[in-house]
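Keep the structure open beside you as you read.

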Amino acid sequence: MTIINKIKELREKYPYKTALVDIKTGNKLTFSHMDIKSDRICTYFEKNGFKKGDKIVIFMPIGLEFYLILMAIFKMGLVAVIIEADKEMECVDRYCGAVSAEGILADRITLFKGILLKNIRKIKKKINYKKMIESSETLPVIVKKKPKKYEKEEKEINENSLALIKFRDITDIGEKIFKTIMGTHGFLLGQYNVLERNMRFNKETKVYSLSPLFILSHMLTGVTTFISDVDLNNFEKTEYGDVVKQINENNIQNIILPVIIFENLAEYALKKNIIFKNVQTAYITGASVFPKIMKKIKKIFINAEIKVFYEISGVEPVSVLNFEDITKEDLEKMKDGKGLIIGEKVKEIEFEIKETEKEVDEESDSKELKNTDRENKSTKNTWEQTGEIFVRGEHILKGNSNTDENKNRKWHKTGVSGYVDDKKRLILLGKIESKIDIEGKEYYPLAIETAFSFCKAVKKSALISKDDKFYLVLERNPEFTGNIEENPEIKELSKKFGIFKIIEEKIPVNKNCSGEADSKKLKELIDKI
């Protein structure tokens, strides 16, 4: 089974129910329209000579047209090469150079500019997606025209068939270096399965989301999904008054947003004394969600469950944490620098924690090389039990270029260190590449930043080292007006962790909405000292 079967099932089960709503335009699509219109786009692709396995670059905004095209690509067994619509043309050209695409879908201006760029110029079939959508409306659906051929093609598409390619910039070294990430039809179905089982939406509720693949999975559960118009790559300019209006006017019950969007929304709502009584669940996505942020979000979504879907190295979710399950003892351990609690792993993945210093057999099929699910039954939380987190499961995208990662690896190397506590919850220490070695001791910035996150005067912090000394960049809570270096909480923790100098600056964050600090810009900041 693939998601193609799910699309057909939804049309039969909920033909007249609204599947997607584009907040920006107000346009809607029913499940029936999604199926029929995407079938017509399949006809367009076939008429233009596309065949199973061909790659098509999609460079367009996220909206109803995006999902219609995506559905058609999956139905035809084509491969969607997805490039975020905010990328500069030079960046798009580099991405296109990493794949041998047979076609590119973009607007007229983009296609015109692409004539001047060598990799885009090489792509034979350049299609204005707006004109394609318009002309496909008059085409017959491919199933009715050639049922035998189409049915045969559809059967050839299985869980191992490549469905999509994405790119992830390696921000620490700049945009010229990137990973190519690939997802099969099995991945898409796995992503749907893990979200459906862990979210369990009531089919009559509404979902507000902005992650492209999450929106696809939400839609496949049969709920009505509203596509947020928040700009993921320009979130600082978001009008949060508009977001409040969108949630209230559409009676949204479920919200899934990145941590930094949720945090900004909560700050806006608290200033305006706004609360959301009808929201049932708030799902926070990201890699570093501190309890203080969860508490702030709970203040505006007073009747909602607050849950965090944690992401590690692009695998989302790895674990789920319910805000209500965090105990006083948990808070004290995090304040003590023991790491960030991210909850129990989702059932759909396996994970192992392997000693960082030892050689790891990347092709091993053993489930128990050092499986802390089994070994860590004691009540101790010792640093000796820490190591790199490896995961595997259906909903894991595979990387294949500009990295040392083997795409056939059975275990996915996350590059993140952690351990399992006595309650079998995963505790994050931080990225292995950010580990700091001073006088033979290892320190992870995330663990120390988690401790500082509890200080009332601190909005955000980032730890970095220079000449074997710790520098802590602090962004103050606007409500705090005193001398930040003389704050008792900060002084106590600075002494505990050996902070050499505190620098009060606005912390640069990555553009991917993870909320994580941009380590390259932080290093540039420290180098000026």
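A residue is called buried when its relative accessible area is under 20%, exposed when that value is over 50%, and partly exposed in between. Please keep in mind that this is a predicted model.

With that scale in hand, turn to helix H3, which covers residues 64-76 and includes Leu68. Is Leu68 buried or exposed? Its relative accessible area is 7%, so Leu68 is buried. Which residues does Leu68 touch, leaving aside those up to four places away in sequence? They are Leu29, His33, Met34, Lys37, Ser38 and Ile41.

Lys118, Arg121, Lys122 and Lys126 form a positive patch. Which helix gives the largest share of the positive patch? Helix H6, residues 118-122, supplies three of the patch residues. Lys118 is found in helix H6, and because its relative accessible area is 53%, Lys118 counts as exposed.

There is a patch of negative charge to visit as well, formed by Asp86, Glu88, Glu90 and Asp231. One of these residues, Glu90, lies in helix H4, which spans residues 89-97. The relative accessible area of Glu90 is 48%, so Glu90 is described as partly exposed.

Notes: Residues numbered from 1 in each chain as written. Predicted model: local features only at pLDDT ≥ 70, side-chain atom pairs only at ≥ 80, totals over all residues. Heavy atoms only, no water. Patch = residues over 30% accessible without salt bridge, like charges linked within 9 Å, V, L, I, M, F, W, Y side chains within 5 Å. Areas by Shrake-Rupley, 256 points an atom, 1.4 Å probe, with all protein chains shown as cover. Salt bridge = Lys/Arg side-chain N within 4 Å of Asp/Glu carboxyl O. Lys, Arg positive; Asp, Glu negative; His and termini not counted. Charge placed at Lys NZ, Arg CZ, Asp CG, Glu CD. Helix = DSSP H or I, 4+ residues; strand = E, 2+ residues; numbered from the N terminus. Buried < 20%, exposed > 50% of the residue type's maximum accessible area, 1.4 Å probe, protein only. Contact = heavy atoms within 4.5 Å.
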